[in-house]
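Work through the exercises below with the coordinates open. Each one gives a task, then a solution in steps.

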Amino acid sequence: MYRLVFSALALISTLGISSIAAAQNCGGGFYGFVQDLKSEARARGYSSAVSEQFFASVAQDPKVIKADRAQGVFQLPFLEFSGRLISDHRLQHGAKNAAKYKREFDYIERELGVPRGVLLAFWAFETDYGAFQGNFNTLNALVTLAHDCRRPELFRPQIFAALELFKRGDFDPVTTTGAWAGEIGMVQMLPEDILVNGIDGDGDGQVQLKTSAPDALMSGASMLRALGWQPNQPWLQQVTLPADMDWSLSGLTTEKSLREWAALGLRGRHKPLASDNLMASVLLPQGHKGPAFLVYPNFRVFIEWNESLIYITTAGYFATLLEGGAPLDPVSPDTGLTGDQMRVLQQKLVELGFDVGDVDGILGAKTRAAVRIVQDVLAMPIDGWPTPALLDSF
């Protein structure tokens, strides 16, 4: 029934496809890979002695690759995902930590312009306020992920940032531990971010992100500012959309001023919209029948922290709760796809010529973009939320 439609779709989709250069400096034998790293370290100006000492204990960690491949929680829809991450425990401990570190948060808000709710949200989600920081050897994790050819361009530079921290006495290749992806400390920062944005928040002369909450919070705030955080501006709020909403205007690729959104009938759900001149996008994480948010430029800074849209939307929403905002009102979104169904859909989209990234069952930005094109062709609401009805149309 849809054969001609999707033949046209395949042609349309090719217009947005770009080639991706093959990753360099990865794969091959692990021992040879480490030798290559040592050579690069020397080329960067590190002595052979420092390089040999730094890499002496490094080992490939298959558990890191397993963790990298097993991120099934990101397949959950927003309401279920946020329900798992946001709890009374985290809300209560957020309030306690806000009071305990009031001096630090006051300083951060005054000098760096990052609200305490935002930092508390990341602190909670990343490590449960420092309680669970990960037990993966950081150097092993970074070298393992750089050797793997999925994202070497991300992880290889982190190895040399860790080497610089080691040279300064702030990293032990044997004992430094953290998350499987190489992040360290209470708010989980990569070595390069620590080098650039690490702050001694408690005045002891060291930046200790694993044991010092003031260091971790101020360093995290510094990183957010470096990523583009704008002081005294919002990041996300719940909104009510007009009944005649043009759903094609939703999504992060469309920005309008608040004055324009208001003229279209959009309203703040629990508080008025901010300045008329501020730009914003309508975000529908679970389709046009699910929760609706207006997201501001500061929300895009969250994307720089973590590329998972469902994670940062949950973090942004949780931050509003920690700042005293209202919880979500009840909604009834259309049923989405299971992880297996999402993989089937992604494979079908790939066969049509769309670039959806990995066929991993996760509704990422590329899959959403492809879904919106399909919805437009099929005269469905263009909200980027794939349903069984859409999958059945193939």
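An axis here is a line fitted to C-alpha atoms, for helices over the stretch in contact, and angles run from 0 to 180 degrees between N-to-C directions. The model is predicted.

**Exercise 1. Helix packing**

Task: Classify the crossing of helix 8 and helix 15, then list the residues that meet.

Solution: 
- Step 1. Take helix 8 as residues 116-127 and helix 15 as residues 309-322. Their axes come within 8 Å and cross at roughly 125 degrees.
- Step 2. Compare with the cut-offs: 65 to 115 degrees is roughly perpendicular, and over 145 is roughly antiparallel. Helix 8 and helix 15 are therefore oblique to each other.
- Step 3. Assign the hand. The crossing of helix 8 past helix 15 is right-handed.
- Step 4. Collect the contacts. Helix 8 contributes Gly117, Val118, Leu120, Ala121, Phe122, Ala124, Phe125 and Glu126. Helix 15 contributes Tyr311, Thr314, Ala315, Phe318, Ala319 and Leu322.
- Step 5. Sort these contact residues by type: 11 are nonpolar, two polar and one charged.

**Exercise 2. Disulfide search**

Task: How many disulfides does the whole structure hold, and which parts of the chain does the pair tie together?

Solution: 
- Step 1. Search the whole structure. One disulfide is found.
- Step 2. Identify the pair. Cys26 and Cys149 are linked, with sulfur atoms 2.1 Å apart.
- Step 3. Read the torsion. The angle about the S-S bond is 110 degrees, and the link is right-handed.
- Step 4. Locate both ends. Cys26 is in the loop between helix 1 (3-13) and helix 2 (30-43), and Cys149 is in the loop between helix 9 (138-147) and helix 10 (152-167), so the bond joins parts 123 residues apart in sequence.
- Step 5. Check accessibility. Cys149 is at 41%, so it counts as partly exposed.

**Exercise 3. Positive phi**

Task: Where do Asp128 and Ala379 lie, and what are their phi values?

Solution: 
- Step 1. Asp128 has phi near 50 degrees. Asp128 sits in the loop between helix 8 and strand 1 (136-137).
- Step 2. Ala379 has phi near 60 degrees. Ala379 sits in the loop between helix 17 (365-377) and helix 18 (388-392).
- Step 3. Ala379 has a relative accessible area of 72%, so it is exposed.

Terms used: Residues are numbered from 1 along each chain as its sequence is written. This is a predicted model: local features need pLDDT of at least 70, side-chain atom pairs count only at pLDDT 80 or more; totals for chains, interfaces and linings use all residues. Side-chain values use heavy atoms; hydrogens and water are left out. Helices (H or I, at least four residues) and strands (E, at least two) are DSSP runs, numbered from the N terminus. Angles under 35 degrees count as roughly parallel, over 145 as roughly antiparallel, 65 to 115 as roughly perpendicular and the rest as oblique. A crossing is left-handed if the near helix is turned anticlockwise from the far one by less than a right angle, and right-handed if clockwise. Contact means heavy atoms within 4.5 Å. Ala, Val, Leu, Ile, Met, Phe, Trp, Tyr, Cys and Pro count as nonpolar, Asp, Glu, Lys and Arg as charged, and the others, Gly among them, as polar. A disulfide is a pair of cysteine sulfur atoms within 2.5 Å. Buried means under 20% relative accessible area, exposed over 50%, partly exposed in between (1.4 Å probe, protein chains only).
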